[in-house]
Amino acid sequence: MTAGCHESPRTGGAALAGAPVVVLLGNPNAGKSTLFNSATGARQHVVNAPGTTVEVAEGTWRTPHGTVRLVDTPGTYSLVARSPDELVAARAATGADGGAPDVVVVVADATTLPRALVLLGQVLAPGALDGTTRVVVALTMLDAARAHGVTLDAATLSDTLGLPVVGVDPRSGAGLDTLADMLVADAPGTAGPRPASDDAADVFAWTAPVLDALGDATAPRVRTTLSDRVDAALLRPWVGLPVFGLVMWALLWLATTATAPVMDGVGRLVAWLGELVRPAVPGPAWVGGLLVDGVLQGVGTVLSFLPLLAIVFGAIAVLEDSGYLARVAVVTDRAVRRLGLDGRAVLPLVLGFGCNVPALTATRTLPDARARLLVGLVIPWTTCPARLTVYLLVATAVVPEHAATVVAAAYLASVVLVVGGAWVLRRTLVRDLVPEGLVLALPAYHRPGLRATARSVGARCASFVRRAGTVIVATLVVLWVLLAVPTTGSHAVGDVPVADSAYGAVAHGLAPALAPAGLDDWHVAGALVTGVVAKEVVVGALAQAYAVDEPAGAGPSTLTEHLRASLDVSSGGAATAAGLALVAFVLAYTPCIATIGEQRRLFGTRVAVLAALGQLTVAWTLAVLVFQVGRLL
């Protein structure tokens, strides 16, 4: 079984039965994934390798010679695995999971050929691959190599290695047809020298004469390129950090302001469709309610995230393909080194303040699965804009004259939670994460390939809809049922006051658990339950609950007055402390069901459930601490 497959790669599904399996193997930033996107187009999907949280992409490549099943593995420098990502890549190439691939394509960056030859030497070592597996070399970055004065070409390297070598441009797709020819060619090439074993000494002993035979073809001329001139300034902290700040501001603007009209438009479209569908649904009224307020609303929630995800995914892909993300890792590396991470972790953490969902997906830029898990577990504590409305409501209700200070403190507490949570996880759950110095080859700057970028964005959006979307729709259907089913009174299903519904019963039942935090009130408890779906609905849930529970003219007239009165009662007169505890709870517990769905997609159901429970535990503990200390002050 190749990495990420749930069936033998030689058999596959019915449509791919008998199709040759080709595994792409190469160093990080060699252009491997871009080549995969160019070859497969929209016919690809992302899965996790069996028993891991390591993402592997699989796709169908329709060549002139027939269909090929292409597998894109994580970037690796060696078949001697030091991380889960490298282990997945090695097992995919060697067939250790139960089915040897037909061809291994080693993607070699022409600008860093000595490093690529080390990996190739391990692949060619006796016993490394199944005896039936052929090896082909795809030589990339030839344009960047020529800019540095390197005269190496595919034919020269092929003659030296005794292997098929094809020059390709992954961004434009140039050379893919020739590569396809090599995959089905009967002759594997003239057998050249091979390493005596996969031992490091033997591999380097093989690499040296290969480089000697190539001679000046691999020797860069001393010349200053545009990339060199840009890096001379950009890699200086006093320039690189402000530029990084501007880029992150632009990403956050895209994730919030720019996508808001599109997301609102999707919401209005779903509401309009609901009004059309509801009267046309036959049978009892509750059937229409289930379809419109449950299923259709769930689908609408998923679709409303797609513009946001597409824009952010596209922006990240452009930054990655252009070569800028590698520079981000360099200039921010020192800031996160104490957490056992490197500079590549900064991008998803910053994105989390725009939206946790694309931030989680951005963890794919991290090279190690344990690092991705660590960052993915703390991202939900980055406070997204959806929480801001709740902060403002609560702060206005309990300390209106200091509302801005409360919001600022919430954002500061968010940073403290992220850093503190990462520090604790680093010493407990992911203590096997081995911190290493940042060793990163800086690729030359490139113009991103828009076609490959669009294909990558489409594949990842489709993966979100398939895997995270099912969780979101199912949860919203369950929430509708809780709101529609009466537990007291003689109400019809679907026409139930909140207080008399199963949802109200759950809220009443949960409220006592919040008493140590001064929040023993069913209105607040119920709103926090709906907040698991999305933090935006907390304010609406409170408004709806108070509208039902307090007839017009019978009590406070505004939502803030209602909330202040509830907190005053539930806290025994310490409404300010209880309000601050509520802010702390909203800050720390599960951001939204979409975040849970994305964690499940990336890390599995068990991790997603345990993460949600852990966030809830931290939120309760923090809220209790804030209230108990606050009421004494």
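Phe353 is partly exposed, because its relative accessible area is 24%; here buried means under 20% relative accessible area, exposed means over 50%, and partly exposed lies in between, with a 1.4 Å probe and protein chains only. The structure is a predicted model, in which local features need pLDDT of at least 70, side-chain atom pairs count only at pLDDT 80 or more, and totals for chains, interfaces and linings use all residues. Residues are numbered from 1 along each chain as its sequence is written, and side-chain values use heavy atoms, with hydrogens and water left out.

Phe353 also takes part in a ring pair. A search of the whole structure gives 2 aromatic pairs, where the rings of Phe, Tyr and Trp (for Trp, the six-membered ring) pair if their centres lie within 6.5 Å, and planes under 30 degrees apart count as stacked, over 60 as edge-to-face and the rest as tilted. The rings of Phe353 and Tyr411 have centres 6.5 Å apart and planes at 20°, so this pair is stacked. It links distant parts of the chain, 58 residues apart: Phe353 belongs to the loop between helix H13 (346-351) and helix H14 (356-361), while Tyr411 belongs to helix H17 (residues 403-426). Helices (H or I, at least four residues) and strands (E, at least two) are DSSP runs, numbered from the N terminus. Tyr411 is partly exposed too, with a relative accessible area of 27%.

Phe585 and Tyr589 form an aromatic pair that is tilted, with 5.0 Å from centre to centre and 45° between the planes.

Turning to the chain as a whole, it contains 25 helices and 7 strands. Of its 633 residues, 52% count as buried. Among contacts between residues at least 6 apart in sequence, 73% join residues at least 24 apart, a contact being heavy atoms within 4.5 Å.

Two helix pairs show how such contacts are built. Helix H19 (residues 502-510) and helix H20 (residues 522-530) pack at an angle of about 110°, with their axes 8 Å apart. The axes are lines fitted to C-alpha atoms, for helices over the stretch in contact, and angles run from 0 to 180 degrees between N-to-C directions. H19 is therefore roughly perpendicular to H20; angles under 35 degrees count as roughly parallel, over 145 as roughly antiparallel, 65 to 115 as roughly perpendicular and the rest as oblique. The crossing of H19 over H20 is right-handed, a name used if the near helix is turned clockwise from the far one by less than a right angle, with left-handed used if anticlockwise. On the H19 side the contact involves Tyr503, Ala507, His508 and Leu510, and these meet Trp522, Ala525, Gly526, Ala527, Val529 and Thr530 in H20. By class, this contact has 7 nonpolar, 3 polar and no charged residues. Ala, Val, Leu, Ile, Met, Phe, Trp, Tyr, Cys and Pro count as nonpolar, Asp, Glu, Lys and Arg as charged, and the others, Gly among them, as polar.

H20 itself is mostly covered, with 8 of its 9 residues buried. Among them are Trp522, His523 and Thr530. Thr530 is buried with a relative accessible area of 7%. Apart from neighbours within four places in sequence, Thr530 is in contact with Leu479, Tyr503, Val537, Val538 and Ala541.

The second pair is helix H16 (residues 385-398) and helix H22 (residues 559-570), whose axes come within 8 Å and cross at roughly 70°. H16 and H22 are therefore roughly perpendicular to each other, and H16 passes H22 in a right-handed crossing. Leu393, Val394, Thr396, Ala397 and Val398 of H16 make the contact with Leu559, Thr560, Leu563, Arg564 and Leu567 of H22. These residues divide into 7 nonpolar, 2 polar and 1 charged.

Two single residues complete the picture. Trp206, in helix H7 (residues 200-214), counts as buried at 5% relative accessibility. Trp206 and Pro195 are 11 residues apart in sequence and 5.3 Å apart in space, C-alpha to C-alpha. Most residues other than glycine have a negative phi. Met141, however, has a positive phi of about 60° although it is not a glycine. Met141 sits in the loop between strand E6 (134-140) and helix H4 (142-147), and at 11% relative accessibility it counts as buried.
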